[in-house]
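Subject: Structure handover and findings

Dear colleague,

Please find the structure below, followed by an account of what was found in it. I would be grateful if you would read the two together.

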Amino acid sequence: MENGYFIRPESCEGIVEELDCLESLLAELGASFVRRHSFIGTVYAVVDEEAVGKLEERGYFVEPSNELRALYRGASQPSQ
Amino acid sequence: MKNADYRLELKRRNHLRKSIEECRPGGSLELIVEVDGRKKDRAVSVIEGFGKIRHVYDFIDYVSFECDFRDAYGIANVSTRGYSELSRALRRVEASSVFHAPKTVEGCRVELWNLSCIGAYEARGYASGAGIKIAVIDTGVDYSHPELSGRFGRVKGYDFIRSNDEPVDMNGHGTHVAGICAGTDYGVAPGSTLYSLRFLDELGSGSESDAIASVEWCLENGVHIANMSFGSSLASSAFEQACYVAAENGLVLVAAAGNDGGEYASYPAAFGESVIAVAAVDRYKRHAEFSNMFITNDVSAPGVGIESSYLGGSYAVLDGTSMAAPHVSGSVALAIEVLASGSVNDLLERTCEEIGYDREVFGAGLVRADRMVAEAVKPGFYGLVDMIKSIAW
């Protein structure tokens, strides 16, 4: 099953070449979506669990992306 | 018919008669008619012969339509010759009323308790947030809303869900939040410039990756304040790192403390120093029972029964720490506009009104836009007030 993960090189955070290399690897692993967050040296990708294992084996730090929700309560009372 | 019902019916008839009389010849009028629910389709087709249908309501047996002055007169007196078919289709004819937001005699809207409570009206005498950019990272914003249309420039922001630059709200939450930040009458900083960064969907949920991309957009576009009225009990170190880097680069991040009501962490509010975490209080400055109590809470702001802009040009009342956070974003915008030197985060906490001793519940206290602006213009002003108070004590 595919999920979204944040992936970054353990050693050299934010080095452009490292991220290029990571993106190539993600393409090889069949990632269905890839987005680079350059300012924190991290790549977000949607991959399966097998790919996560391979990324971790190669020394990448991998953590799951979470769902965020709007923080309001109660019914609205439109008053026009 | 009971007396009360009779009086109401009489009022409706008078309203209809008056509306028709006030309608200029050649002008049009919107009518609401009650129809037989079992013959609704037939009634609609008859009405179409007299005017333009506006709404056929599913949940009630009413239809609204627009017609010209002459037909409105005839329909109101359905026994008049030529309207016999219509008279069989209709049960009751009423004029559609026009609703307005309340106004005072000076032409301004009535004072809103939440803005009074934080001293926003006084603060707006000295600053409006002019030149300050606030990004509402949320469900999008209805930027055609009369409260908000003047706040947006050519660039509206970005929609990270649909990957386009039309971040329109389809939930209502973001429009409400934006109205509190900078609405013309309902907002704290009506002179500021707004950007809508849409990453929460119609149901109010979204991914961390899109939230991070929104923060990145703020850095790339010189945004001063990012309002984040959303959260989760879990967060990645990537999002924490994003907030840290953004704060280090001068972006003021304001987040809602969470609505779980207990001693729970909600992220990004609980990320610590990089994010200003805002708890909610009610109109009596009491802790809102739903507002999270956590060590990272920085300040409190009104979050119960808050009226602001909503979808389709309307207004709505909502509760939540989502509503508290934009009071702080707006106050920070006012202060930054006039801040001579120093950190706005320090200024925010130093000028809070003490409303309780429990830091995990209230943070440093209630945000006070008036004190922030006064202190930003003249550093030491509120320190002096405190000193005089302590001597008097």
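A salt bridge is defined here as a side-chain nitrogen of Lys or Arg within 4 Å of a carboxyl oxygen of Asp or Glu. By that rule, the side chains of Asp370(B) and Arg368(B) meet in a salt bridge, at 2.7 Å from N to O.

The model is a predicted one, in which local features need pLDDT of at least 70 and side-chain atom pairs count only at pLDDT 80 or more, while totals for chains, interfaces and linings use all residues. Residues are numbered from 1 along each chain as its sequence is written, chains are lettered from A and ligands numbered from 1 in the order in which they are written, and side-chain values use heavy atoms, with hydrogens and water left out.

Confidence

pLDDT is the predictor's confidence in each residue, from 0 to 100. Chain B has an average pLDDT of 86, and 85% of its residues score at least 70. Over residues 99–108 of chain B, however, pLDDT stays under 50, and the model has 11 contacts for them beyond four places in sequence (contact means heavy atoms within 4.5 Å). Where pLDDT is low, the predicted coordinates should not be read in detail.

Salt bridges within the chains

Over all chains, the search finds 13 salt bridges. One of them joins Asp20(A) to Arg36(A), with the closest N and O atoms 2.5 Å apart. Asp20(A) lies in helix 1 (residues 16–28) of chain A and Arg36(A) in strand 2 (residues 33–37) of chain A, so the pair ties together parts that are 16 residues apart in sequence. Helices (H or I, at least four residues) and strands (E, at least two) are DSSP runs, numbered from the N terminus. Asp20(A) is partly exposed at 37%, and Arg36(A) is partly exposed at 22%.

In chain B, Lys285(B) forms a salt bridge with Glu353(B), the closest N and O atoms being 2.9 Å apart. This pair links distant parts of the chain, 68 residues apart: Lys285(B) is in the loop between strand 12 (275–281) and strand 13 (297–302), and Glu353(B) in the loop between helix 11 (344–350) and helix 12 (359–362). Lys285(B) is partly exposed, at 29%, whereas Glu353(B) counts as buried, at 14%.

The interface

In this model, 30 residues of chain A are in contact with 55 residues of chain B. The two chains bury about 3,200 Å² between them, 54% of it on carbon and sulfur atoms (buried area is the accessible area, with a 1.4 Å probe, that two parts lose on being put together, summed over both). In chain A, Leu68(A), Leu71(A) and Arg73(A) lose the most area to chain B, together 26% of what that side buries.

The count between the chains is 1 salt bridge: Asp210(B) pairs with Arg35(A), the closest N and O atoms being 2.8 Å apart. On the side of chain A that touches chain B, the largest share, 4 residues, comes from strand 5 of chain A.

Yours sincerely

Terms used:
Buried means under 20% relative accessible area, exposed over 50%, partly exposed in between (1.4 Å probe, protein chains only).
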